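Please look through the sequence and the model below before reading on.

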Amino acid sequence: MKKIVAALAALAVSATVLIAPAQAQDKKYTIALIPGLTTDGFYITMRKGAQAAADALGVNLVFQGAPDFNPVTQVPVLDAVIAKKPDAILIAPTDKVQLVEPLRKANDAGIPVITVDTFIGSGVYQTGAGDADFPLSYIASDNVLGGEIAARALATSIGDKGKVYVSNVKPGISTTDQREEGFKKEMAKHPGITVLETQFNDDDANKAASQLQAVFARNPDLVGVFGANLFSALGAANGVKQAGQTGTVKVVAFDAPTSIVDNINTGLVDVAIAQHPAEIGYYGVVSAYAHLTGHSIPVTIGTGFTIMDKSNIADPNISKYLYSE
């Protein structure tokens with residue numbers, strides 16, 4: 001945590017130093033932001049943070065992505081962006097293995113790469129080891145910590161006992177893998193809680209709902225579920241509702257679009273863990289600009305979380321972290 005705070009402090013100082021002379025730069029840099037998908041509130045909010053930094057620094061921000069979270073559709077977008085030769089690329093890779101070689105093309109073309117939200121390889125960069133350590137920095141929420149926070153919130157809501165499980169997307173997505181890892185790591189500290197087998201839903205909310213009902217049929221003493229992303233959580237929550245278990249089976253959701261407010265107020269979702277995507281976008285642009293103007297940048301920058309439930313969702317200091325839609 002101290003390292004994260006130090007990194008953020010360093011970038012904050014860099015931002016104030018860099019913004020002042022930005023107007024005097026002869027070159028107007030172009031930084032491309034390639035999201036995991038273009039239609040999600042998380043990435044829309046990230047874009048707003050990135051645009052705020054771009055405006056302050058006099059940078060041209062290009063936002064280009066695919067409509068779904070899929071390496072098959074993201075790679076052609078990346079290739080098209082590389083062909084336009086931006087000065088730097090910020091990208092949320094949709095697969096930590098399949099995006100390595102496509103991103104290497106950018107690196108080999110002399111375009112600095114920074115990953116945001118998700119990563120390639122292990123997410124540990126600039127070590128001189130491995131074939132996926134070439135990005136300059138990884139800027140994201142600490143997803144292992146986010147999973148731990150979700151586990152603690154769920155443990156509290158179920159009285160620290162009972163059966164729970166993780167509703168996840170699919171293996172190989174860096175962020176959701178880490179959230180599940182953090183969740184299980186924390187739950188190992190709660191001997192009264194049994195974590196059942198993870199259910200993978202392929203980002204299909206209807207499938208997640210069906211899986212909840214199947215798990216409940218096998219385990220009528222089920223008391224909680226953690227949705228590792230929003231579709232997983234809302235799908236599982238609908239499954240809870242269809243099983244007539246709203247309020248009995250607690251649901252913790254990762255991510256917080258504005259629509260989560262109604263879900264929390266109606267009891268469909270009990271707790272939401274909000275990331276801070278605007279900060280990710282902001283620090284992404286600042287980091288890229290710092291590198292392009294000859295400054296060093298941290299190889300990892302972590303951003304925070306806000307826990308939302310019925311008791312605080314109306315508080316402006318909490319609701320400001322809801323994602324744009």
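The side chains of Lys96 and Asp177 meet in a salt bridge, with 3.1 Å from N to O. A salt bridge here is a side-chain nitrogen of Lys or Arg within 4 Å of a carboxyl oxygen of Asp or Glu. Lys96 lies in the loop between β3 and α4 and Asp177 in helix α6, so the pair ties together parts that are 81 residues apart in sequence. Helices (H or I, at least four residues) and strands (E, at least two) are DSSP runs, numbered from the N terminus. Lys96 is partly exposed at 23% relative accessibility, and Asp177 is partly exposed at 21%. Buried means under 20% relative accessible area, exposed means over 50%, and partly exposed is in between (1.4 Å probe, protein chains only).

This is a predicted model, in which local features need pLDDT of at least 70 and side-chain atom pairs count only at pLDDT 80 or more, while totals for chains, interfaces and linings use all residues. Residues are numbered from 1 along each chain as its sequence is written, and side-chain values use heavy atoms, with hydrogens and water left out.

**Other salt bridges**

The structure holds ten salt bridges. The table lists three of them, including the pair already described.

| Lys96 | Asp177 | 3.1 Å |

Asp87 and Lys27 link distant parts of the chain, 60 residues apart. Asp87 is in the loop between α3 and β3, and Lys27 is in the loop between α1 (2–19) and β1 (30–34). Asp87 counts as buried at 18% relative accessibility, whereas Lys27 is partly exposed at 42%.

Arg104 and Glu101 are both in helix α4, three residues apart, which is about one turn of the helix. Arg104 has a relative accessible area of 22% and is partly exposed; Glu101, at 45%, is also partly exposed. Elsewhere, a network of salt bridges links Arg152, Glu186 and Lys189.

**Helix α4**

Which residues of helix α4 (residues 100–108) are buried? They are Val100, Pro102, Leu103 and Ala106. Seen down the axis of α4, these buried residues fall within an arc of 165°, so they line one face of the helix. The arc is that of the directions from the helix axis to the C-beta atoms. Among the elements that cover the buried residues are α3 (71–83), β3 (88–91) and β4 (113–116). After α4 comes Gly110, whose phi is positive, near 85°.

**Two residues of helix α6**

Arg179 is found in helix α6 (residues 174–187). Arg179 is buried yet has no salt bridge: Asp255, the nearest side chain of opposite charge, is 4.3 Å away. A polar atom of the Arg179 side chain lies 2.8 Å from the backbone oxygen of Ala228. Leaving aside neighbours within four places in sequence, the residues in contact with Arg179 (heavy atoms within 4.5 Å) include Asp117, Asn143, Phe226, Asp255 and Gln275.

Glu180 also lies in helix α6. At 10% relative accessibility, Glu180 counts as buried. The side chain of Glu180 makes a polar contact with the side chain of Lys184, at 2.8 Å. A polar contact is a pair of N or O atoms within 3.5 Å; within protein, one must be able to donate a hydrogen and the other to accept it, and residues adjacent in sequence count only if both atoms are side-chain atoms. Not counting residues up to four places away in sequence, Glu180 touches Val166, Asn168, Thr198 and Phe200.

**Aromatic pairs**

How many aromatic pairs does a search of the whole structure find? The search finds eight. Rings of Phe, Tyr and Trp (its six-membered ring) pair if their centres lie within 6.5 Å; planes under 30 degrees apart count as stacked, over 60 as edge-to-face and the rest as tilted.

Phe42 and Tyr323 form an edge-to-face pair, 5.5 Å centre to centre with 75° between the planes. This pair links distant parts of the chain, 281 residues apart: Phe42 is in helix α2 (residues 41–57) and Tyr323 in the segment after α11 (316–319). Phe42 is buried at 3% relative accessibility, and Tyr323 is buried at 2%.

Tyr282 and Tyr283 form another edge-to-face pair, with 5.7 Å between the centres and 90° between the planes. Tyr282 is partly exposed at 26%, while Tyr283 is buried at 15%. Ring pairs also link Phe183, Phe226, Phe254 and Phe305 into a cluster.

Note on methods: Lys, Arg positive; Asp, Glu negative; His and termini not counted.
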